[in-house]
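Student: Could you take me on a close look at one part of this model? I would like to follow it step by step.

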Amino acid sequence: MAAFILISSLKVLVVFSVFMLIVAYLSYVERRVVARFQTRIGPNRVGPAGLLQPIADAIKLLTKEEVFPANANRIMFVLAPILSLIPALLIMSVIPFGDSLTLFGQRIDLIISDLNVGILFVFAVTSLGVYGIVMAGWSSNSKYSLLGALRSSAQMISYEVSYGLSIIGVLMMAGTLNLMEIVKSQANLFDWYIFKQPLGFLIFSVCGIAETNRAPFDLPEAETELVAGYHTEYSSMKFGMFFMAEYAHMLNVSAIVTTLFLGGWQGPWLPPVVWFLLKVSVFLFGYIWLRATLPRFRYDQLMSFGWKFLLPLALLNIFATGIFMYL
Amino acid sequence: MVPLNYYLILSALLFAIGVVGVLINRNAIVVFMSIEIMLNAVNLSLIAFSQFRGSPVGQVIVFLVMAVAAAEAAVGLAIILVIHRSRESINVDEVNLMKW
Amino acid sequence: MTLTIFLILALVSVLSSILVITQKNSVISALYLIVTLGSQAVLYFLLGATFIGVLQIIVYAGAIMVLFLFVIMLLNLKRDEFGPDQKKGQRVLAFLFTLFLAVEILAALKIGFSDGGTPAGAVLNPASGSPSEVARSLFIDFLYPFEIVSILLLVAILGVVVLVKKRF
């Protein structure tokens, strides 16, 4: 029992620190990459090649003045960014990073919590992410925030449906909801589900991008629309938490795509954790590439795309996979 | 080890709280929320029985109850929206045009 | 150990459901209801019903409560706009009758279990909570109700869309 608690706490500590480090430096990487796409350089003054930029950003955010809108519900106003960040952090507890190690005679699985319903846990926690946005919009007592929040949450719950349906093909082929087992069933290169379920991969990626409110689906929070959507009234570290929550969600979606479609930590020669990080970085680069390249969807285009195109396509995918598996 | 009794007592307690909520609230939405509390109490006892018997039938029933509760919440809230549109208030005491 | 967790969860559910029905602001009631539903889900996990526990969070806490919150925010209710009781002593009578109901239910449980088959000796079997067991039962024994519930959901969606349209 004591060994279990010790090992789990160690895993949580390591995963949390690495995760937060990646989230912080993701903002820096994004700014540099988007800058290169736009033939400029990006932040390179703070520290060597601009590497201390996230720290400078954090210090700036921490020292800004805290603004509370008049007649805003204080408790909910402060709770909303926390409710936005916590689901993003929780998802990392079921992602497998590598095969099991054997240290000091103990077998350690490189996954914090090996749930038998792992993938369903991911969806449950994703659904809870909507509350941070809804509460942020409502408690700010401002029309822009409320409208932005309602739009953003409507977008998130619409794309959640196709998000869930698109991976049912993978679950049918793997035969299990356990994430560790799904990774283990992709042992060879051509067993990866991206080759067996290309449509599922595409739908899942698109829905993942829509879930995280990133371009081209970032209408509810883009700077040129609706002032800034649900985080109009937020300043200093509360805004920082929303910011971190968005990057954390990006990282989560990339990690889940890697686990389900790209073979998780499987790969020759290099250690499993390195393969995992490599695959996650490839997908994150794709995210940033899309942001730099594509224009934004209009809200009604966004909603009709999610309901009238992606949902029937996901259902068709399940149907086709079922027929294919039966034959 | 938690005996089955405890789950059933908790379920009865939650059900009673739901009934009190329906009876004393005038806000139609809070009445709906109390109905959801009652449904949850029943779900809890169904699952407790299902697990203690080792049969998944109780859980299948809970699955179907959840689906029905979702449908009922959607239709009920739509009705509340329409009532609000026509009389600007959702106080259940005022929706009494059919009272003798 | 499980007993401690159970007692904490029971306390949280009962307290938050009492708070649901006594708040004046409906948004705060909805948030307390989310807490109640979440603690219910953890109780299901404690019983070993992992599939239904996760489903509770996805369906109830993640979808139905979002619907409630949307409707409350769209209606834009003011706080405390509900006046005193229409009939005197209505609340006292409600409490009294519910107390009778609770006592009746507990008595029925006690009498129902007093002739052998007592729950005190029942043993928890967590294996029947896995998704494969539930799915097997759902799609083999309960296929007919499953299909009917899907038609019911379709009818509910159509009903909502028709009800809320302003003009045909």
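Tutor: Happy to! Keep in mind that this is a predicted model. Let's begin with a hairpin: β1(A) and β2(A) form it, with two residues between the strands. In that turn sits A:Phe104, whose phi is positive, about 50 degrees. To find your place in the pairing, look for A:Leu103, which stands opposite A:Gln106 in β2(A).

Now let's turn to where chain A meets chain C. Chain A gives 20 residues to this contact and chain C gives 19. Together they bury about 1,700 Å², and 87% of that area lies on carbon and sulfur atoms. What about polar links? There are zero salt bridges between chain C and chain A, and one residue pair is in polar contact, with both residues at pLDDT 80 or more. On the side of chain C that touches chain A, the elements giving two or more residues are α2 (26-47) and α3 (50-75) of chain C. The largest share comes from α3(C), with 13 residues. Sorted by class, this side of chain C has 16 nonpolar residues, three polar ones and no charged ones.

Key. Residues are numbered from 1 along each chain as its sequence is written. Chains are lettered from A and ligands numbered from 1 in the order in which they are written. This is a predicted model: local features need pLDDT of at least 70, side-chain atom pairs count only at pLDDT 80 or more; totals for chains, interfaces and linings use all residues. Side-chain values use heavy atoms; hydrogens and water are left out. Two strands pair if DSSP finds at least two bridges between them. Helices (H or I, at least four residues) and strands (E, at least two) are DSSP runs, numbered from the N terminus. Contact means heavy atoms within 4.5 Å. Buried area is the accessible area (1.4 Å probe) that two parts lose on being put together, summed over both. A salt bridge is a side-chain nitrogen of Lys or Arg within 4 Å of a carboxyl oxygen of Asp or Glu. A polar contact is a pair of N or O atoms within 3.5 Å; within protein, one must be able to donate a hydrogen and the other to accept it, and residues adjacent in sequence count only if both atoms are side-chain atoms. Ala, Val, Leu, Ile, Met, Phe, Trp, Tyr, Cys and Pro count as nonpolar, Asp, Glu, Lys and Arg as charged, and the others, Gly among them, as polar.
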